[in-house]
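Here's a quick tour of the model, meant to be read with the structure open beside you.

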Amino acid sequence: MANLIAGIGTTHTPAIGAAIDNGKTDQPYWKPLFAGYPKAREWMAETKPDVAIIVYNDHASAFSLDIIPTFVVGVAEQFAPADEGYGPRRVPAVEGHPELAWHLVESLIFDEFDITIANDLPVDHGLTVPLSITCGQPDAWPMKVIPLAVNVIQYPQPTGRRCFNLGKAIRKAVDSFDEDLNVVIFGTGGMSHQLQGERAGLINSEFDVAFLDDLTRDVGRLTDIGHTEYLRESGSEGIELIMWLIMRGALGDDAKEIYRHYHVPASNSGAGLIVLEDA
Ligand code: DHB
Ligand code: FE
């Protein structure tokens, strides 16, 4: 049986990927951020998951405003890094796990989550930067990946509570997959940031740290956060944090915090990283 053993919450800020790709991680601006990553990479290297379900959002790379699916699961054998305007990141292609992905799709749809199925899905910084943060720069990513894309870009986004419940349904699907696999789930994006308008540059560290705290202390407070509160407290793009609630919903009530790192600033965002293990 497949086992969902842990969840990782991480920022997916594109400048973090660019710092890695361009060898800038030792520069004074970046050093304190990257000082937080070796411990998480060690955990990943020791844990050796077979599959990662990476919950992320597409930033108008694979999709556009023409069609805006709320939840998408990638079922392909492979996912190419997307060209976001500067050429694709020179990182390994992402290998999928079509059998588990199709099982997820079937189980989620029968559980009344109307999932969009993607046979071809170029993956942007939302997915590749979390891999770089947690795995460094290997020749091939050390695990198979199932991309799960969420619309956080165009109002109305799904609610945090809907996301949390989707996480629970993902857990049920993984538990019922008949192959011995260790699975981890990533919730990516955030933390607080606003890239546009009068409040561009907004970062709210207090909100971010309380969010990290309550992933283990008071998940109910987090699932109650609505769109207006995200907008007001964490900036217009802070709503990416609903994707962390999919990750959290897939873990049991007693999930344990193993590691965290938080640093401001990383480009225009509060940069958080947390590792939670299922009890
Ligand atoms: C930025 C973009 C993102 O998608 C994100 O999640 C955080 C920051 C940026 O452009 O700085
Ligand atoms: Fe983003």
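In what order do the strands of the open sheet come? The order is β6-β3-β7-β2-β8-β1-β10-β9, eight strands with mixed pairing. Keep in mind that this is a predicted model.

**The sheet**

- The two edge places go to β6 (116-118) and β9 (256-266), each of which has a single partner strand, so one side of each has no neighbour in the sheet.
- Ignoring direction, neighbouring strands here are turned by 20 degrees against each other on average.
- Strand β3 (residues 71-74) runs antiparallel to β7 (residues 144-150), and three bridges join the two.
- One pair to look for is Phe71, which sits opposite Val150 in β7.
- With β6, β3 runs parallel, again through three bridges.
- Val72 has Thr116 of β6 as its bridge partner.
- In a regular strand, side chains alternate between the two faces of the sheet.
- In β3, Phe71 and Val73 are on one side and Val72 and Gly74 on the other; all are buried, so both faces of the strand are covered.

**The nonpolar cores**

- The largest nonpolar core has 52 residues, and Ile170 and Phe211 are the ones that touch the most other members.
- Helix α6 (residues 160-175) gives this core its largest share, seven residues.
- There is also a second, separate core of 39 residues, with Ile54, Leu131, Ile133 and Val275 among them.
- Which residues does Phe211 touch, not counting those up to four places away in sequence? They are Met191, Arg221, Leu222, Ile225, Tyr230, Leu241, Trp244 and Leu245.

**Helices α7 and α10**

- Helix α7 (residues 205-217) lies across β9 and β10 (269-277), and runs at about 170 degrees to β9.
- Helix α10 (residues 242-249) is mostly covered, with eight of its eight residues buried.
- Those buried residues are Ile242, Met243, Trp244, Leu245, Ile246, Met247, Arg248 and Gly249, so an arginine is on the list too.

**Around ligand 1**

- Four histidines, His12, His59, His125 and His193, are among the residues that surround ligand 1.
- An N or O atom in the side chain of His59 is 2.8 Å from an oxygen atom of the ligand.
- For the side chain of His193, the distance from an N or O atom to a ligand oxygen is 3.2 Å.
- Glu240 also has a polar side-chain atom 2.8 Å from an oxygen atom of ligand 1.

**His12**

- You'll find His12 in the loop between β1 (3-10) and α1 (14-21).
- Is His12 buried or exposed? Its relative accessibility is 3%, so His12 counts as buried, the cut-off being under 20%.
- The His12 side chain makes a polar contact with the side chain of Thr188 (3.0 Å).
- A polar atom of that His12 side chain is also 3.3 Å from the backbone nitrogen of Gly189.
- Leaving aside neighbours within four places in sequence, His12 is in contact with a list of residues including Asn57, His59, His125, Gly126, Glu240 and Met243.

- Ala250 is in the loop between α10 and β9.
- With 0% relative accessibility, Ala250 counts as buried.
- Although Ala250 and Ala169 are 81 residues apart in sequence, their C-alpha atoms are 7.3 Å apart in space.
- Not counting residues up to four places away in sequence, Ala250 touches Leu4, Gly167, Lys168, Arg171 and Ile185.
- Leu276 belongs to strand β10 and, at 0% relative accessibility, counts as buried.
- Its contacts beyond four places in sequence include Ala6, Gly7, Leu215, Thr216, Met247 and Arg248.
- From Leu276 to Arg260, 16 residues apart along the chain, the C-alpha separation is 9.0 Å.

Technical notes: Residues are numbered from 1 along each chain as its sequence is written. Chains are lettered from A and ligands numbered from 1 in the order in which they are written. This is a predicted model: local features need pLDDT of at least 70, side-chain atom pairs count only at pLDDT 80 or more; totals for chains, interfaces and linings use all residues. Side-chain values use heavy atoms; hydrogens and water are left out. A nonpolar core is a set of buried Ala, Val, Leu, Ile, Met, Phe, Trp, Tyr and Cys residues joined through side-chain atoms within 4.5 Å. Buried means under 20% relative accessible area, exposed over 50%, partly exposed in between (1.4 Å probe, protein chains only). Helices (H or I, at least four residues) and strands (E, at least two) are DSSP runs, numbered from the N terminus. Contact means heavy atoms within 4.5 Å. Two strands pair if DSSP finds at least two bridges between them. Axes are lines fitted to C-alpha atoms, for helices over the stretch in contact, and angles run from 0 to 180 degrees between N-to-C directions. A residue is near a molecule or strand if one of its heavy atoms lies within 4 Å of it. A polar contact is a pair of N or O atoms within 3.5 Å; within protein, one must be able to donate a hydrogen and the other to accept it, and residues adjacent in sequence count only if both atoms are side-chain atoms.
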